[in-house]
Amino acid sequence: MVARLVVAAPASGSGKTTVATGLMAAFTAAGLTVSPHKVGPDYIDPGYHALATGRPGRNLDAYMCGTELIAPLFARGARGCDLAVVEGVMGLYDGAAGAGELASTAQVAKLLRAPVVLVVDASSQSRSVAALVHGFASWDPEVRIGGVILNKVATDRHEALLRDALEESGVPVLGVLRRAPAVATPSRHLGLVPVAERRTDAVDAVAAQAEQIRAGCDLRALLALARSAPPLAGDPWDPGAALDSPGAGAADQRPLGARERPPAGTGDRARVGARDRRPVVAVAGGAAFTFSYAEHAELLTAAGAEVVAFDPLRDEELPHGTAGLVIGGGFPEVYAPELSANSRLRKTVAEFARSGAPVAAECAGLLYLARSLDGTPMCGVLDADARMTERLTLGYRDAVAVSDGVLAPAGARMRGHEFHRTVTEPGAGATPAWGLRQPEPRVEGFVQGGVHASYVHTHWAGAPGAARRFTEGCAAWDARA
């Protein structure tokens, strides 16, 4: 039994991230162990959550992972904690396009049996706030809205008008927050600037958010609401058990090459065969590559890999003994000159990729492997050039592997997410990575040798076979090398 709250809003831009992060920081400062969570595929907000709590932020994505994994993934992150705070996505009832409530904050709240705190931007309304809150509270009787936090309230008079109106709604006011520039977090083309790029300023902003929450919210009432959540049934998600589950996800329809899969439950080393050492999987990090899910490293470790982080902005070599390379999402477009200046690492990555070693690159990783990014030389692994555009590409994707690759065999199905303002020319190689249905049928990405590069972000908790397949490929390459 973990006390828990879901922080939601009627729409994006209402202040969910500020309130959720402030609550996490305020309760942590009060001595509670707080587990941070984020609904949906967002990578950036969990970085602020981790800063507020000292624990890794974890995503709860019902589209990419499946509704059946929401409670187990939550339980893994919240195990041993006093309180869990879950930040919602978009508006409370907004989910995957054309899929009803799927992947919405409301659906996750119901799966977690968690009360919802509605954050309302009250800057341009008074009595109408009661109609708004009443509508959200009554729309789905399975969603329990336990209170409201009024944000961007102008004056004491404004607050009094809002409180009077909400008395008739039956939903208690648990906090009133004034406009406060100190709590603001700067944004750019893909949302908030990540913590890794502004750590000192981010620390100050989170501290200001905590102070604003302490001054404007009833923390005792919020904690009591969180503790009113009923127990959740089922066991926490476990990466080893996920790898041993039947099928282990659609991406694991068959093993890589002629290798036989070790028997279930024989331990991490047995997963990659009888070996003297674990294959080293280098995972890109630092300010340019900040997007990753905690479960990816956990699955790689459970599959038998030794996961080692490196920073392409600073490190001139890959970690010693690297047998596989994972380059996730981030903002290489912001750091293109610095990434290009590290020519020694670019050359090493290119040689490593040409050797046939497993390389998994998503979005930012795709750009880094390209020949150029906005005219600046990159690694040149792919015969493609990338550039920034004004168009935002955003949305969930149903993907089918077009070619046999290090993450999935041809024909395997996975779900993913795209979020970028760049394009590559061409958009797909001679052997594409994925066939996509949304927003229109197309092929996308590149599979060549051991390289799988694509704009599509995937969550391996929903297809743990991808981690097993990748690790087995690393072990096989390491043995040959």
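Six strands make up an open sheet with mixed pairing, in the order 11-10-12-13-21-20. Two strands pair if DSSP finds at least two bridges between them; helices (H or I, at least four residues) and strands (E, at least two) are DSSP runs, numbered from the N terminus. At the edges lie strand 11 (306-310) and strand 20 (446-448), each of which pairs on one side only. Ignoring direction, neighbouring strands of this sheet are turned by 15° against each other on average.

This is a predicted model, in which local features need pLDDT of at least 70 and side-chain atom pairs count only at pLDDT 80 or more, while totals for chains, interfaces and linings use all residues. Residues are numbered from 1 along each chain as its sequence is written, and side-chain values use heavy atoms, with hydrogens and water left out.

Within the sheet, strand 13 (residues 359-362) pairs with strand 21 (residues 451-454) in the parallel sense, over four bridges. Glu362 has Ser454 in strand 21 as its bridge partner. Helix 16 (residues 465-480) packs on the sheet and touches strand 10 (280-284), strand 12 (322-327) and strand 13; contact means heavy atoms within 4.5 Å. The direction of helix 16 makes about 145° with that of strand 12. Axes are lines fitted to C-alpha atoms, for helices over the stretch in contact, and angles run from 0 to 180 degrees between N-to-C directions.

Elsewhere, the axes of helix 1 (residues 16-29) and helix 8 (residues 199-216) come within 7 Å and cross at roughly 85°. The two helices, helix 1 and helix 8, are therefore roughly perpendicular to each other (angles under 35 degrees count as roughly parallel, over 145 as roughly antiparallel, 65 to 115 as roughly perpendicular and the rest as oblique).
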